[in-house]
Amino acid sequence: MSLEHCLLFGIQAVELEFINARDLISALDALESRPNQRLDQYLVEAGLLSGQQLNLIEDRLTELMRQHGNDVRQYLANRMNSLMDRELRDRLESLVRIPNTVAVGPSQVASSISSPEFDWSVSEAKTGRYSVLRHYAEGGLGTVSVALDRELNREVAFKEIKSDWADDRESRSRFVLEAEITGGLEHPGIVPVYGLGAHPDGRPYYAMRFIRGENLRDAIRRLHEANRIPSTLELRKMLDRFLDICRAIHYAHSRGVLHRDIKPANVMLGDYGETLVVDWGLGKFVDSANASEIPGNGQQLRLASRNGSTPTMHGTAIGSPPYMSPEQ
């Protein structure tokens with residue numbers, strides 16, 4: 001394991017919250033006197049990581065590297081630039097800038113990473129406004145990561161189209177349509193979108209609010225776990241959440257948009273009382289000619305990409321079967 005891989009391993013362990021930044025710094029300091037011991041081995045032996053966590057980190061790191069073209073040096077530069085903990089970032093930079101400061105792995109450490117060509121400022125410029133920190137979730141069309149918004153120094157949810165669908169014109173069109181629908185529906189019960197863009201190769205992405213909390217599906221399971229009878233107060237709070245969902249969907253309908261995949265997993269419950277409907281990937285825009293299909297009398301949403309999108313074929317089943325509307 002090269003120095004670059006060791007440092008990426010440590011960063012991934014911190015971002016998955018298996019260890020904290022102080023643990024990683026202490027481990028790097030301890031390994032200065034153990035040049036032949038690997039970082040992953042040290043963390044396991046010190047009781048900071050379990051074998052299962054070790055395998056999870058390695059699998060996740062392998063997948064992330066594959067997604068970034070296996071360019072270890074460039075990827076390490078991007079991840080270090082996104083670190084929020086300044087002390088940890090300084091410690092890692094000291095390792096890659098000064099040769100042989102610490103051998104975090106086998107003695108065959110690549111010294112090229114300490115050369116002047118490993119330019120952090122250039123790496124930062126190439127990543128643009130958002131820098132991916134860690135994987136969060138994925139759906140049928142896109143993957144969601146937690147990213148750092150460098151302009152405002154905040155964490156955001158960063159959604160990208162999957163590589164499997166990146167070259168499919170219809171899939172790209174639907175992905176952009178999802179971003180525009182979500183961004184155009186400005187309501188407290190609908191997750192806000194901060195920006196829409198594309199990678200150099202044309203793959204679209206968009207950034208939105210990162211919601212800290214749980215989804216409604218998990219909240220319902222927790223409410224009824226172990227056959228416990230929920231209290232009146234707990235049920236009242238859950239019903240209030242349900243009313244919030246209804247208000248958000250009513251607003252979307254008034255703007256001419258149908259969600260078509262409303263289910264507990266697509267509702268996020270924030271830590272501070274927020275209830276937000278997410279994942280508008282199957283959203284359908286209802287033309288003014290068919291306005292009788294929707295309630296309300298709000299102003300219809302206008303979308304820039306709508307003319308290039310492909311309408312759903314008549315009779316096509318869209319959404320999750322257990323939650324489909326009766327007419328579907």
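Visitor: How many aromatic pairs does a search of the whole structure find?

Guide: The search of the whole structure gives five aromatic pairs. Rings of Phe, Tyr and Trp (its six-membered ring) pair if their centres lie within 6.5 Å; planes under 30 degrees apart count as stacked, over 60 as edge-to-face and the rest as tilted. Please note that this is a predicted model, in which local features need pLDDT of at least 70, side-chain atom pairs count only at pLDDT 80 or more, and totals for chains, interfaces and linings use all residues. Residues are numbered from 1 along each chain as its sequence is written, and side-chain values use heavy atoms, with hydrogens and water left out.

Visitor: What kind of pair do the rings of Tyr-130 and Phe-158 make?

Guide: The pair is tilted, because the ring centres of Tyr-130 and Phe-158 are 5.7 Å apart and the planes are at 45°. Tyr-130 lies in strand β1 and Phe-158 in strand β3, so the pair ties together parts that are 28 residues apart in sequence. Helices (H or I, at least four residues) and strands (E, at least two) are DSSP runs, numbered from the N terminus.

Visitor: Are Tyr-130 and Phe-158 buried or exposed?

Guide: Both Tyr-130 and Phe-158 are buried. Buried means under 20% relative accessible area, exposed over 50%, and partly exposed in between (1.4 Å probe, protein chains only). Tyr-130 and Phe-158 also form one aromatic cluster together with Tyr-205.

Visitor: And what about Tyr-136 and Phe-210?

Guide: Tyr-136 and Phe-210 form an edge-to-face pair, with 5.2 Å from centre to centre and 85° between the planes. Tyr-136 is in strand β1, whereas Phe-210 is in the loop between β5 (204–209) and β6 (213–215), so this pair ties together parts 74 residues apart in sequence. Tyr-136 is partly exposed, at a relative accessible area of 42%, while Phe-210 is buried, at 12%.

Visitor: Now for charges. How many salt bridges are there in the whole structure?

Guide: A search finds 18 salt bridges. A salt bridge is a side-chain nitrogen of Lys or Arg within 4 Å of a carboxyl oxygen of Asp or Glu. In general, side chains of opposite charge can pair when their charged atoms come close.

Visitor: Which residue does Arg-129 pair with?

Guide: Arg-129 forms a salt bridge with Glu-151, and their closest N and O atoms are 3.6 Å apart. The two residues are 22 apart and belong to distant parts of the chain: Arg-129 is in the loop between α7 (120–126) and β1 (130–138), and Glu-151 is in the loop between β2 (142–149) and β3 (154–161). Arg-129 is partly exposed, with a relative accessible area of 26%, whereas Glu-151 is exposed, at 59%. Arg-129 and Glu-151 are linked with Asp-149 and Arg-154 in a network of salt bridges.

Visitor: Which ring does the charged end of Arg-154 sit over?

Guide: The charged end of Arg-154 sits over the ring of Tyr-194, 3.8 Å from the ring centre. A charge counts as sitting over a ring if NZ of Lys or CZ of Arg is within 6 Å of the ring centre and within 35 degrees of the ring normal.

Visitor: Where are Lys-159 and Asp-279, which meet in a salt bridge?

Guide: Their side chains meet at 4.0 Å, N to O. Lys-159 lies in strand β3 and Asp-279 in the loop between β9 (275–277) and β10 (284–285), so the pair ties together parts 120 residues apart in sequence. Lys-159 is buried, at a relative accessible area of 9%, and Asp-279 is partly exposed, at 33%.

Visitor: How far apart in the chain are Arg-236 and Asp-240?

Guide: They are four residues apart in helix α10 (residues 232–254), about one turn of the helix. Arg-236 forms a salt bridge with Asp-240, the closest N and O atoms being 3.6 Å apart. Arg-236 counts as exposed, at 54% relative accessibility, while Asp-240 is partly exposed, at 34%.

Visitor: A last topic: which residues of helix α2 are buried?

Guide: In helix α2 (residues 21–30), the buried residues are Ala-21, Leu-24, Ile-25, Ala-27 and Leu-28. Seen down the axis of α2, these buried residues fall within an arc of 160°, so they line one face of the helix. The arc is that of the directions from the helix axis to the C-beta atoms.
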